[in-house]
Amino acid sequence: MDTKIPYKIYLSENEIPTQWYNVRADMKNKPAPLLNPGTLQPLTLDDLAPIFCEELNKQELDNDTPYFDIPEEIQNFYKMYRPSPLVRAYFLEKALGTPAKIYYKFEGNNTSGSHKLNSAIAQAYYAKKQGLKGVTTETGAGQWGTALSMACSYFDLDCQVYMVKCSYEQKPFRREVMRTYGAKITPSPSQTTNVGRKILSEHPDTTGSLGCAISEAVEAAVTQEGYRYVLGSVLNQVLLHQTIIGLETKKALDKYNIKPDIIIGCAGGGSNLGGLVSPFMGEKLRGEADYQIIAVEPASCPSFTRGKFAYDFCDTGMICPLAKMYTLGSQFIPSANHAGGLRFHGMSTILSQLYHDGLFEARAVEQTQVFDAAVQFARVEGILPAPESCHAIRVAIDEALKCKETGEEKTIVFGLTGTGYFDLYAYEQFNSGTMSDVIPTDETIATYLAKLPKVDK
């Protein structure tokens with residue numbers, strides 16, 4: 001062990017960032033605007049007002065302000081579980097026999113078990129400040145729903161969660177955590193909304209998707225007085241809040257004059273990846289430093305690697321705004337893989353633009369290989385990782401093994417988004433040898449891409 005670098009690098013409470021970083025301010029090519037689904041014109045604050053909270057709408061549309069102050073009440077809440085540790089994976093390095101230095105930013109040290117609480121508390125705060133009764137949302141693996149239920153409980157807000165049906169069935173204990181914090185959980189698609197009933201009539205055996213759940217949650221929000229919809233990923237505002245991860249990571253690395261060569265994050269809608277890499281991407285955009293940044297997505301839902309950069313609906317019910325993003329088509333429903341948080345058909349407009357501009361790379365990995373890496377990591381590092389996080393672990397191990405072959409002493413940093421203690425059904429399948437890989441064919445993806453809306457922008 002290198003005694004100069006501790007196993008865990010902690011910041012002090014006073015070193016927690018007091019501002020979020022808006023990477024859009026440094027982007028030469030700004031993300032394309034969200035479009036009103038009725039007029040196909042860029043969304044305005046008035047368009048967004050019935051759906052999202054007022055202050056969040058301002059954050060969503062602001063491409064120019066580089067930093068946003070974190071309200072004091074949110075800063076105080078962060079102190080319950082932040083700063084989170086940056087861990088040197090000495091034991092993984094030893095097991096791999098690699099000269100690479102591996103670090104991971106661990107976001108699982110709170111009851112929600114993931115990074116999602118960073119944005120949940122912010123969105124709940126702004127909802128309370130606006131005087132709302134409650135919020136609605138969707139959740140895939142349940143981490144976002146859990147985080148939001150905790151945040152709403154803290155601010156005494158009603159919380160209604162539409163949970164992707166396959167995850168609802170696979171993760172009953174995640175449901176109970178949400179219910180413990182007072183949330184109402186509905187498996188999606190459901191018979192409780194018009195869009196849910198329509199989806200079920202057309203696809204009665206569907207296992208659901210984040211796109212389905214989003215449609216239901218938005219409908220529930222706009223049809224109840226005093227409610228707004230909040231989202232756990234994809235949106236600009238969410239990536240903004242999640243930059244607390246990357247800002248802490250960079251500050252911890254700077255303490256020991258460590259410059260990463262490779263930065264790796266799992267990618268579903270973009271909240272974790274965007275939050276981790278934004279401060280580093282800002283340096284890259286400003287010409288101050290260069291990094292190899294890798295987004296890792298499931299082969300069963302390969303938005304970056306096999307999707308199309310185009311305007312598409314953010315939801316299956318086609319009632320939400322259109323976003324220009326890497327997408328597989330809003331009607332695409334991935335196989336019931338265990339990485340429930342990585343099942344969105346599209347990707348953040350910020351990350352989509354950066355990827356389109358060639359500023360980072362993306363890789364798709366198969367589920368069995370992901371869990372092989374998960375078990376290897378758990379046995380040596382002592383943390384049972386969430387299936388989403390395991391995608392980043394897989395590629396971190398792959399890159400470390402490349403260093404073993406070449407003898408290069410690269411420094412690798414990856415995001416460990418959370419713990420997998422509510423994902424034991426997935427681990428049981430892997431350990432029993434019954435886990436399989438389902439990868440969509442080119443023909444299947446082409447079918448859904450052919451249904452993209454015709455937008456001349």
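**Strands, salt bridges and cores in a predicted model**

Me: In this predicted model, what makes E12 and E13 a strand pair?

Reply: Strand E12 (residues 308–313) and E13 pair in the antiparallel sense over six bridges. Pairing needs at least two bridges, so the two strands qualify. Within the pair, Ala 310 stands opposite Met 325 in E13.

Me: Why is strand E13 called mostly covered?

Reply: Five of the six residues in E13 (residues 322–327) are buried, which means under 20% relative accessible area for those five.

Me: Why is Glu 55 described as partly exposed?

Reply: Its relative accessibility is 30%. Buried means under 20% and exposed over 50%, so Glu 55 falls in between. Lys 58, with a relative accessible area of 47%, is partly exposed because its value also lies between those limits.

Me: What makes Lys 250 and Glu 283 a link between parts of the chain?

Reply: Their side chains form a salt bridge (3.3 Å, N to O). Lys 250 belongs to helix H11 (residues 236–255) and Glu 283 to helix H12 (residues 271–285), so the pair ties together parts 33 residues apart in sequence. Lys 250 and Glu 283 are both buried.

Me: Nice. Which residues touch the most other members of the largest nonpolar core?

Reply: Trp 20, Phe 304 and Phe 360 do, in a core of 75 residues. Helix H5 (residues 117–129) gives the most to this core, with eight residues.

How values were computed:
Residues numbered from 1 in each chain as written. Predicted model: local features only at pLDDT ≥ 70, side-chain atom pairs only at ≥ 80, totals over all residues. Heavy atoms only, no water. Core = buried A, V, L, I, M, F, W, Y, C linked by side-chain atoms within 4.5 Å. Buried < 20%, exposed > 50% of the residue type's maximum accessible area, 1.4 Å probe, protein only. Helix = DSSP H or I, 4+ residues; strand = E, 2+ residues; numbered from the N terminus. Salt bridge = Lys/Arg side-chain N within 4 Å of Asp/Glu carboxyl O.
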